[in-house]
Amino acid sequence: MCGIFAYKGKRNATKTVFEGLKKLEYRGYDSWGMAFKKQGKIQTIKKVGKIAEFNKKIPENADYAIGHTRWATHGKVNEKNAHPQLSNNKKIAVIHNGIIDNYMKIKNILMGKGYNFKSQTDTEVIPNLIQENMKKSSFREAVKKSLKTMEGSFAIVAISQDSNEIIAAKKMSPLVLGINDNESFVSSDVAAFLSYTDKAIIMDDNEMAVIDEDIEIINLKENKKITKKAKSIGMNYEEAEKGGFKHFLIKEISEQEESIMRAINQDREFIENISKQIDNAFGVFFVSCGTSYHACLSASYLFSKIVKKHVNVVLASEFINYKHFLTENTLVIAVSQSGETADVLDAVRTAREKNSRIISIVNVPGSSLTRISDEVIPMNAGQEVSVLSTKSYTSQLAILTLIAYACAGKYEKGLGLIRKSAYYIKKIISNDRKKIKSLAKKLKDKRDIFIIGRGLAFPSALEAALKIKEVSYIHAEGLAGGELKHGTLALIEEGVPVIVISTSDSEANIENNANEIKSRGGFMIGFNSHESNIYDYFIKIPSLENMEPLITIVPIQLLSYYLALYRKCDPDKPRNLAKSVTVR
Ligand code: G6P
């Protein structure tokens, strides 16, 4: 995680970096900082808290600046641990994303040479190692030498008082260069500089960029200069604005009719070709994390139901345990909003080693996952800023649903059903908002919320629980209705809220489970098509063949939003979380 943004050029450098960091806050927001060169000296500013909340003036007239927004890995959240980290002689500043695995070893060597360490970060070894290496060489050679010593996966940007260069390097963490006339940007993602330029050089692992008047790129393995042309990103990646909404979360929930329609606006031949590959593969694995995992799990039920095809759904962080089953005939479908989730990238690399075919479903164009896949299906959800996945979840589900229908030879039918779902979603958002808000008011002080579902509604229950807990901090647990009696029923007492999600084919069984809870005093909330007197509160979901997972999650996203508001939680930036998880 962590966001990196650096700038050298004709604009106000500190202001440009400050604005860039705001766009990268989804990568971490516990603290932020900046280093800049002004009047020949390296100066820094570091703050704890969200950058958007900083309302003082930032220093101006810097020659260039590098900035960082942090998601803590090593060391507590405080100013000392915020980046940039400085060398002992205060002449070198470094910002860093990722983890230096052997930092303790480097730290001990440097301490033996008399260096002091002021922070608990792994990052602080980098400027000091560069300082040590600069005893015998130039800044750029010292950075090169330091990079050789460092193990792990990281992206770094460094500046030195004794040079006019910004040096950026990466190994398995994202880093992109933005190129414009007389100005250069370094960023963790393209979107952060798209308002200035859409020309980018996407850096590959073991590359180092030296940014001065021009940009030089060096392949570190071969220690030679390489030529990489800036390419136009050519994407309609709108600059995210709240557009009248109070929070990105509610904005993104509200735009799902359009995002779903964009998601299914795919080339039919392309999707049918993918469905053929699924059909022919000897073993299909859906690989993903978090919300994307729930989209995959949901789709696997649909594959079973309408295609009669078994697909393995594996959490990316667990995928390594399945590597013995991979061959060149295996098809891995990696699903990721960001395309940067470290566990997903690791899983895909594992599959690559076995020569398996990789298809990915990704939202962020040009992200690392898109570059290591054989084929990419764009999600087209548009930029999602809130840390909570909402529109990206429904886009993933819409695409996977379309593929399932294509596999069943019913592409047109699938398309029609998804379109209708998008319409129903729009209606729910406008018609049921008040009722959902009142439900949030009733639930706001509860300690636990349980969500049950069966069949297609089971993955929805898992996703519903994730949405509620990550944004409201209420303990929420999703489970299969049939599992209640194997433990969780012990927690049901008078007034404990239980949300029951059902689909037309799981109605009867889930009602039995609902009765078991009701008779123990549970506060029953139905999110389904069939109203019954079991429910103390009921939100009607239109019944639409196999589309309930796509539709039902939307009112639950709304419920999560209102719970966050009532509980005074930040709906866009939940504590301890980040949108793009680039650590393992
Ligand atoms: C983080 C985000 C989640 C997301 C998960 C996987 O935890 O907060 O919203 O579902 O990462 O991210 P990906 O970008 O791979 O879909």
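Predicted model: local features only at pLDDT ≥ 70, side-chain atom pairs only at ≥ 80, totals over all residues.

Apart from neighbours within four places in sequence, Leu559 has contacts with Ile436, Leu439, Ala440, Leu443, Ile468, Ile499 and Phe527.

## Domains

The domain assignment divides the chain into domain 1 (3-239), domain 2 (243-431) and domain 3 (433-570). Taken over C-alpha atoms, the centres of domain 1 and domain 3 are separated by 45 Å.

## Aromatic pairs

The count of aromatic pairs comes to 14. In one of these, Tyr7 and Phe185 are tilted, with 5.0 Å from centre to centre and 50° between the planes. Because Tyr7 belongs to strand S1 (residues 3-9) and Phe185 to strand S10 (residues 183-187), this pair ties together parts of the chain that lie 178 residues apart in sequence. Tyr7 is buried, at a relative accessible area of 0%, and Phe185 is likewise buried, at 0%.

The pair of Phe286 and Phe303 is edge-to-face, because the ring planes stand at 80°, over the limit of 60 degrees. The centres of these two rings are 5.7 Å apart. Phe286 lies in strand S16 (residues 284-288) and Phe303 in helix H8 (residues 290-307), 17 residues apart. Phe286 is buried, with a relative accessible area of 0%; Phe303 is buried too, with a value of 0%.

## Salt bridges

Side chains of opposite charge can pair when their charged atoms come close. Across the whole structure, a search finds 32 salt bridges. One of them joins Glu141 to Lys144, with the closest N and O atoms 3.2 Å apart. About one helical turn separates Glu141 and Lys144, because they are 3 residues apart in helix H4 (residues 139-149). Glu141 is partly exposed, with a relative accessible area of 33%, whereas Lys144 is buried, at 14%.

Glu222 and Lys224 form another salt bridge, in which the closest N and O atoms are 3.1 Å apart. Lys224 counts as partly exposed, with 43% relative accessibility. In the salt bridge between Glu257 and Lys426, the closest N and O atoms are 3.9 Å apart. This pair links distant parts of the chain: Glu257 is in helix H6 (residues 256-263) and Lys426 is in helix H12 (residues 411-431), 169 residues apart. Lys426 is partly exposed, its relative accessible area being 45%.

## A network and a charge over a ring

Salt bridges also link Asp204, Glu207, Lys228 and Arg371 in a network. Which ring lies under the charged end of Arg575? That ring belongs to Tyr473, and the charged end of Arg575 sits 3.8 Å from the ring centre.

How values were computed: Residues numbered from 1 in each chain as written. Heavy atoms only, no water. Domains from an automatic or database assignment. Salt bridge = Lys/Arg side-chain N within 4 Å of Asp/Glu carboxyl O. Helix = DSSP H or I, 4+ residues; strand = E, 2+ residues; numbered from the N terminus. Buried < 20%, exposed > 50% of the residue type's maximum accessible area, 1.4 Å probe, protein only. Contact = heavy atoms within 4.5 Å. Phe/Tyr/Trp six-rings, centres within 6.5 Å; stacked < 30°, edge-to-face > 60°. Lys NZ or Arg CZ within 6 Å of the ring centre and 35° of its normal.
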